[in-house]
Amino acid sequence: MTAVSPMAGGGAGPQNVFMDQFNLEARTQRVWDINHAIWFTLMGVGGGVFLAGRILNLTEGLGYVLGIPTVDVVSFLAIAVGGAILVADLGRPLQAWRAFVNVRTSWISWGAWSDLIFLVVAGLLVLPALSLGGSEPFSGLDWDPHGGDGGGLALEIIAGVAAVVVMTYAGAVLARPRAIPYWNSPAVPLQFLLSSAAMSVAVVMLIEVIAGEPVTAGQMVLLSVLTAGLLVTIVAHLLTRTGEPGKRESLERLLRGQYRGLFAGLVVAAGTGLPLVLAVVGAAASGARDALAVLCFLLLVPGGFWLRLLTLRVGIFPPVHIPGVGGSVATPAGG
Amino acid sequence: METVLGARTGTAYGDGWVRSACTICMNRCGILAHVNEDEVVDKILGDPENPHNHGRTCAKGDAGFEGLTDPDRITTPLRRTNPDKGVGVDPGWVPISWDEALDEIAGHLRDTIADDPEKILYTSFDIYHLRGALAASWVTGLGMPGYSTWSAAIFCGNNVHGILYMNQNAFESNPDPIYSRYILNFGAQFGSVVHYDTMHSTHELSVRRSDVRMVSVDPVCSSAAAVADEWVPIRPGTDAALILGMVDQLINELGIYDAEFLKNSTNAAYLVGTDGRYLRDAGTGKPLVWDEDNGPQPFDAGTANAALTGVYDVDGAEARPGFQMLADHVRSYTPEYVESITTVPAATVRRLAREFGEAACIGETITVDGVELPYRPATVAWYRGLSAHKHSMLNGMAIILLPTLIGGIDVPGGLLGDPWGLIGKVKDLEYTSKASDDGLISQGFIGGGRVGGLYPPRPTGPPRTTEMWELLPCAPYGTVFSLLNSEQPELFGAPPFPSMMINFQSNMMKSSGPPEVVERFIKRIPFVAAIARRFEETTLMADIVLPDVHYLERMTPLVYQHLASGDSRHAAYGAKPVVQSSIEGPVAGEPYVDAMQIYLELLRRADRLPQFNEAFNNIAKMREPYRLDLDGRYSYFEICDRWLRNTLGDDKGLDWHLSDGLWTADKTVEQKFPRPFFDARAQVYCEFMVDTKVNLEHTVEELGIPWETDDYQPLPDWKPGPAYERSAPHDLFVTNMKVPNHALSHTHKNSILSTLSNRHNDLKSVWINPKTAEARGISHGDLVEIETSGGRKQTATARVTQLVHPEVLATQGCGGGWSSGSSGDEVNFNALLNIDVEHIDFVSGALDCAIAADVRTVPAGRGGAR
Amino acid sequence: MTRWGMVIDAARCVGCQACTVACKTENQSPLDAWYAPVIEWEEGEFPDATLNYLPVLCNHCEDAPCVTACPSGALTRRDDGIVMADEDVCIGSRACMTACPYGALHFFEDRGTVAVEGAPAEAVPSVPERYAHQRHVRGAVSKCTYCAHKIDFGLENGLEVGVHPLATPACVVTCPAECRIFGDLDDPDSNVSQYLAEHGGGEALRPDAKTLPSTQYVGLP
Ligand SMILES: Nc1nc2c(c(=O)[nH]1)N[C@H]1C(S)=C(S)[C@@H](COP(=O)(O)OP(=O)(O)OC[C@H]3O[C@@H](n4cnc5c(=O)[nH]c(N)nc54)[C@H](O)[C@@H]3O)O[C@H]1N2
Ligand SMILES: Nc1nc2c(c(=O)[nH]1)N[C@H]1C(S)=C(S)[C@@H](COP(=O)(O)OP(=O)(O)OC[C@H]3O[C@@H](n4cnc5c(=O)[nH]c(N)nc54)[C@H](O)[C@@H]3O)O[C@H]1N2
Ligand code: SF4
Ligand code: SF4
Ligand code: SF4
Ligand code: SF4
Ligand code: SF4
Ligand SMILES: [Mo]
């Protein structure tokens, strides 16, 4: 094949001026892009901040908005905005409700339900605390918005489970089909989960700094564990199935091609490695924790966004046929 | 009215289908077109009952209905108000009435006929509709000797038709798709969906693809070469050397030829003297052959043992059979010499000759319908790649030797002919050709127009038109001389120039040569009328435009009459209105269904109906009671009715055409493979060329004009074309090829087809071999500029590909128009052509389409629009 | 059971793209959405180079990742194996497009163009597009249906599917090289099963995707 490889070209526009979809070359997916990266990020942060707030017991003391803990508000906002972007990006936004239909097999349906369940259940959970112009219209609801009692805890657990799904499902959507080998790996949802968690801890730390509360060594340890896990997952994903058609081209783009700088710089170094170092430092050195926390936030969130965007952008379908290799006999179950 | 619309049963999915014919390309496939509830045609299918295309259609045919709703359709007669004409000039159209338009054109016709009817130029590529009978009668009725298939005439079948008439009594020929086992494409795209007989042959070849070996000799891996088993790249314009090298191998090295056939069905045994002419019998004047037992005998004396080889003494004169002349003649074409000219390795030359010869199965027979016939399953296809060159006729004379040597003509596996000359005789087909006194096939009449054969050559004389027909005794067309005379009027003493032109279905501005050259030619014509469906590049040059119907609105009987030899069924059918045109036609109260209605109106208004009626009776071979009364005034529908009944039988008139319209019949074995059943002979040694040259030289000497006569020779040679000796920087050839999903310039504005070809970047690209690209610093996808040695330029996108000869820049299609709907950045190959003496073949009237050129990247900042 | 399937003998394909266009006109697909493209690629080095052709379309996968991914239920697999996209149900999430290994789904954007690689930004008005706006739902995904409307029409009217032109996919009907065969994969005597048997079975594109395609190939280069 002498035609220019799509890998050699730029990100936008046809890279092979001759045939694009009519040729036998690896095809870059261009269906999902920035909008998706944004909502993936927001969902990750949304689910994660709620979880982090609860696990780290930070619902109290970091301030309230209309009586509701700031961490929860940030979480709700992230998910609501993410959801809005998702709906707006649909070809037929008015039909968005149908996204809930196929829970049997579709991760997007799972995501839609988990977003909804999360918003409803977590919303219910904090509802008793809602204060509007001084009155608390739902204070009659008798559970603890901070999960301190049975009812509260139950809601908290349901919301928490939903939040985990919210943090992960975008990765699962990508990982399930075999169409794009780079995506078709548990490493992708794992990366998304770890990245979401790390971003969320950083967000929570930022809220702490703003609220004037101390960032703890434990939080820094947690962040270093999460970022270290993320780094390991990313590296592992880069080192496995490297010769596989499709994945090879994806790696080519990430490691040597047009995204090399963004990936190595923004995702790996600045977005994961550096926060890991900072978090380790922060765990040891108590004095600079606030500054380190803010830095981690500033590095991790863009890093998480670029991780998702680059994952989307290097999604490459291998050629539908590799001449001379074929040979496999189709085995339709029915016939 | 009801009947005009044809039989149609409803609009549910299974209903609403109307049988008609596709006329996008000359294959004229039978189709069924679907009309939906909104009276809109939304689907075309191949007619499954039609034996010609057996229910298949190509991409072009599938997309054909798109033109019905073309926003740029012309719906009313128009007059130009801007006296300026030219590319990019707004004609300032204003609508006028049919009466005004027709009267004005008829007035011009009258005046011109009174002066000299030959000064009417009717340009059309409608010959393939085989309404040739109608169209030819219209031009004959006006007093013209024929019409011009303008663009086609310049670089299409110039060396094809005459050669085929000479050796096969056919206008077109194709490899036998059923029995052939070895097919050599020489500059033709047989086997893919380009060329002729595409639907039928693609289907037949596909069925037995693994048993057939196809080889394409082509500078480019064309769509046909891609389908072939082997692509043999060749330097453009050098094929004759390769072919003669193969002939040398076959005769002199391998001894493979069909001696029986050569003796009995060709002039190969005719004795030739040292002056190049036949030795003739003193009494009868017949050419002599050398009988092994009885010495010299007239060729038709029933000699069983005519010698093909040897040198004989006939009454003191040295004589050789024509075959011996050929054998001696080709000896210099050694494989090594051929390699040096063509770049085809000597070993390949030898191998191709051997493969071809062995595949020919000389001596073998096959039984078809109980009759034993020669079986010659090796054959050739050639067309534009051999034809569009300087020395074109020599190429044709060379290539026909291959099937002739093996006796592979109109027998199973061989070259099958389509004798268009049989128009009007569908019911009683006769394939026998009139033999000349010398026993040779001599079919003087080709098609309906001003088209002539090779043999017998026409008499020469002072030219009566710019086409200089009278100085082209063996050519099928002279059109290119019109352009040459327009560019250099002094060259040949300014022969009479047209006073008016009527253009119909030929986009000569785009398909004939450099636009500015054609533009100058048309601008010189005092009055130009065009009949058109949409504003094409040529329509924009007219003074008056008349609207035409779309082919799916058309009623044209007998668009197709399958007369080709070969083991398939006969078919005859035509076009009928799938939907009724909403355009008002030339005849008040008559539905508008065909441009022929315009011609009848013009003939009437110019007082030429009797002449038309007479011509039609002759050309369509009308019998009583269908003949037209000379004084009668017939409607188009009446003429069609009579023509149909005359041709297909009394029960097959217009009603039948509109309700059914497909006639099929089995062929007899004589009709399938006629060659073994008639005596007229093909030619191996073209003796007539000797005297033709003498006569022609005499004529031009009297006229005092320069003329090239060197190529009038009885045996072919390879001679270098103008681009052969290239010099840097123009040391490449630029060539052109067709694509399967476009037909000429016709389909380039079909949005489906053009979107598809844009996806492939077909018409915008130039193919460059990686070596060539590297040497010139060109990368795949670069914007490049092609510049010919004549200084003509086109920009293109570089497709750096292994699929092209390193000395060649290949372009595709007939792109680069400027009328509405054009995509501006296509390559206009024709704009690179040279209309000059060096590039014109003076025997066939062909224009050389291998142009010396250079290619380089366009400096940054230029061509930013792309 | 019936399982409709198509066998494509790639060795016979002449690359004419009649299938591509016949599909477009039959289904009035949006102007730049090609349900049945013919892939081309070069092979070899001059002078031993050639161009290969590979006609593709939806594989009507038995284990169809597009159906699995679709949140709305717009994509379904009929009992006869045909994978259908219900454009009225589709929400335009394009999850299917990322899940299909073959690029067999086409998003009809509101602008009237389609989101395929390199689609021109400006819409070109055309007849098919005019139809497309009538036939297709903007913002939804459309795809090859194996011309289910023709098959259903054939079955309702007693026409032989895969033989009668009104009961056979348009791309099959038009193909001059007859390299496309359509029939019931579950019937061992059917045209498709017989052809596969004669050619030692079929091959799948992207076998690694393990989607169990109903579109199968013989003679793959
Ligand atoms: N670059 C390039 N040039 C070529 C060729 C090539 O391969 N490449 N091929 C050459 C050859 S072989 C030939 S034969 C010539 C042919 O050249 P032309 O005879 O000029 O054929 P087309 O270019 O198809 O132009 C036909 C015109 O008729 C119009 N038309 C089609 N149907 C109808 C109809 O029903 N009614 C009316 N009124 N008009 C109609 C079309 O829109 C188009 O404008 O071109 C030659 N020129
Ligand atoms: N799809 C489609 N089919 C058509 C037509 C169409 O427009 N489209 N037009 C019809 C018409 S009018 C005609 S005349 C026929 C013509 O059809 P063909 O003549 O069979 O095809 P072309 O592509 O015009 O030219 C033939 C080939 O010649 C090659 N060639 C160029 N120069 C040389 C040379 O010096 N030597 C050799 N060996 N090859 C050379 C070109 O690369 C090209 O592949 O097709 C008919 N069929
Ligand atoms: S364009 Fe295609 S369908 Fe129409 S006549 Fe030519 S080959 Fe047949
Ligand atoms: S080919 Fe793609 S669209 Fe077709 S069924 Fe399989 S996954 Fe779905
Ligand atoms: S785009 Fe439509 S068909 Fe595709 S997955 Fe989304 S809802 Fe389903
Ligand atoms: S089966 Fe029908 S819808 Fe599918 S590609 Fe063929 S023509 Fe198009
Ligand atoms: S119609 Fe047939 S021969 Fe032509 S490209 Fe399609 S599959 Fe190939
Ligand atoms: Mo032609």
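The structure is a predicted model, and every value quoted here is computed from it.

A backbone N or O atom of Gln189(B) lies 2.7 Å from an oxygen atom of ligand 2. For Val193(B), a backbone N or O atom lies 3.0 Å from a nitrogen atom of the ligand, and a polar backbone atom of Pro740(B) is 3.3 Å from a nitrogen atom of ligand 2. How much of the area that ligand 2 exposes when taken alone does the protein bury? Taken alone, the ligand exposes 900 Å², and the protein buries 98% of that.

The next step is to consider how the chains meet, beginning with chain C and chain B. Their contact takes 48 residues from chain C and 52 residues from chain B. Between them, the two chains bury about 4000 Å², and 61% of this area is on carbon and sulfur atoms. Within chain C, the residues that lose the most area to chain B are Glu42(C), Phe46(C) and Pro176(C), which together make up 15% of what that side buries. Specific pairings also cross this interface. The count of salt bridges between chain C and chain B is three. One salt bridge joins the side chains of Arg56(B) and Glu178(C), at 3.5 Å from N to O. Which elements of chain C give two or more residues to the side that touches chain B? They are α1 (18-27), β2 (38-43), β3 (50-55), α4 (127-135), α5 (148-156) and α6 (170-174). The largest share, seven residues, comes from α1(C). The residues on this side of chain C divide into 27 nonpolar, ten polar and eleven charged.

Chain C also meets chain A. Here 55 residues of chain A are in contact with 62 residues of chain C. The two chains bury about 4500 Å² between them, with 57% of it on carbon and sulfur atoms. The count of salt bridges between chain A and chain C is one. Polar contacts link 22 residue pairs across the interface of chain A and chain C. On the side of chain A that touches chain C, β1 (27-28) and α3 (107-126) of chain A each supply at least two residues. That side has 27 nonpolar, 20 polar and eight charged residues.

Most residues other than glycine have a negative phi, and most peptide bonds are trans. Against this background, a cis peptide bond joins Tyr455(B) and Pro456(B), with omega about -5°. Pro456(B) lies in the loop between β19 (415-418) and α17 (479-487) of chain B. The peptide bond from Glu624(B) to Pro625(B) is also cis, with omega near 0°, and Pro625(B) is found in the loop between α21 (609-619) and α22 (636-648) of chain B. Asp315(B), a residue other than glycine, has a positive phi near 50°. Asp315(B) lies in the loop between β14 (312-314) and β15 (317-321) of chain B.

Finally, a search of the whole structure finds 69 salt bridges over all chains. One salt bridge joins the side chains of Glu601(B) and Arg633(B), at 3.6 Å from N to O. This pair links distant parts of the chain, 32 residues apart: Glu601(B) is in helix α20 (residues 596-605), and Arg633(B) is in the loop between α21 and α22 of chain B.

Definitions and conventions:
Residues are numbered from 1 along each chain as its sequence is written. Chains are lettered from A and ligands numbered from 1 in the order in which they are written. This is a predicted model: local features need pLDDT of at least 70, side-chain atom pairs count only at pLDDT 80 or more; totals for chains, interfaces and linings use all residues. Side-chain values use heavy atoms; hydrogens and water are left out. A polar contact is a pair of N or O atoms within 3.5 Å; within protein, one must be able to donate a hydrogen and the other to accept it, and residues adjacent in sequence count only if both atoms are side-chain atoms. Accessible areas come from the Shrake-Rupley method with a 1.4 Å probe; for residues, only the protein chains shown count as cover. Contact means heavy atoms within 4.5 Å. Buried area is the accessible area (1.4 Å probe) that two parts lose on being put together, summed over both. A salt bridge is a side-chain nitrogen of Lys or Arg within 4 Å of a carboxyl oxygen of Asp or Glu. Helices (H or I, at least four residues) and strands (E, at least two) are DSSP runs, numbered from the N terminus. Ala, Val, Leu, Ile, Met, Phe, Trp, Tyr, Cys and Pro count as nonpolar, Asp, Glu, Lys and Arg as charged, and the others, Gly among them, as polar.
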